[in-house]
Amino acid sequence: MYNKMTTPNRVITIITLEFNLILLYTGAIQTCTVYIQQPSLLEVDYTCETITIQCDFSVINCPKSDPKVLWFRQNAHHQPAKLCPDQCLDKAGKFTITESLTQNQASLTLNTVTLNDSAIYFCGIAFSESDEPRSKQTGPGTILVVRGTRLLSHEVQNLLIALLSLLSIYIAALSMIFIVIFKQLKLKMPRKTGTDEAPPKKRSARHIFQEIAQELYHKRYVETKQQEKDDIIYENRRAHSNF
């Protein structure tokens, strides 16, 4: 979704220009520098009712007066839009801004979160009494992603991680047991000695052909001898009959 958005540098430049336009008629008393920190990513699902984006800032050589806190939202294919021009102090509205300027903190709360709230949210801090460029800064932006599917809670994620760890340990233990049992069985198996009968050698085709030829020759020899014996008996009987 966000790969089609304007690059962060360009967005920050546009927001800075808008700050300059908003604070065009303010004067400058002294030089100051503002540093802003925001969470880079917040991810929730559609069941989340509210989400708060934190903005922490620090100042150097800035006026004693309180700075002005501004919030901007960058949607896909849209220019940065300023949120809460009336400071959004009503908690019943879509946005609620909370400021603790003595502790250099501010936050933006989104109520009744929907899928359309997915965007990049920028926190801006500006000192109206200074015209130095660094006295009006925007944060790096917080990417808010609202999922259409339900996300697992941190407790469930930690439970799944623990179960997977135990399963890995269990599988490793079983593998070690199988390896030990296999080695023991291998040691108990009797070893073959030289006195063991060697398996019968495979006869070649030539050897088989010679055996068949010898068998046929023996059979023909027996039939020939039987025929000669029958002829002798026949001749003896014939001679005896003539006599």
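## Overall architecture

In what order do the elements of the chain run from the N terminus on? They run α-β-β-β-β-β-β-β-β-β-β-α-α, giving three helices and 10 strands, where helices (H or I, at least four residues) and strands (E, at least two) are DSSP runs numbered from the N terminus.

This is a predicted model, in which local features need pLDDT of at least 70 and side-chain atom pairs count only at pLDDT 80 or more, while totals for chains, interfaces and linings use all residues. Residues are numbered from 1 along each chain as its sequence is written, and side-chain values use heavy atoms, with hydrogens and water left out.

Of the 243 residues in the chain, 26% are buried, that is, under 20% relative accessible area with a 1.4 Å probe, protein chains only.

Contacts (heavy atoms within 4.5 Å) of Trp71 include Ile53, Leu83, Ile97, Leu108 and Phe122, not counting residues up to four places away in sequence.

## Surroundings of Ser135

Ser135 is found in the loop between β8 and β9 (136–138), and it counts as buried because its relative accessibility is 0%. Beyond four places away in sequence, Ser135 touches Cys32, Val34, Ile125, Ala126, Phe127 and Ser130.

A polar atom of the side chain of Ser135 lies 2.5 Å from the backbone oxygen of Glu132.

Notes: Buried < 20%, exposed > 50% of the residue type's maximum accessible area, 1.4 Å probe, protein only. Polar contact = N/O pair within 3.5 Å; in protein donor to acceptor, adjacent residues only side chain to side chain.
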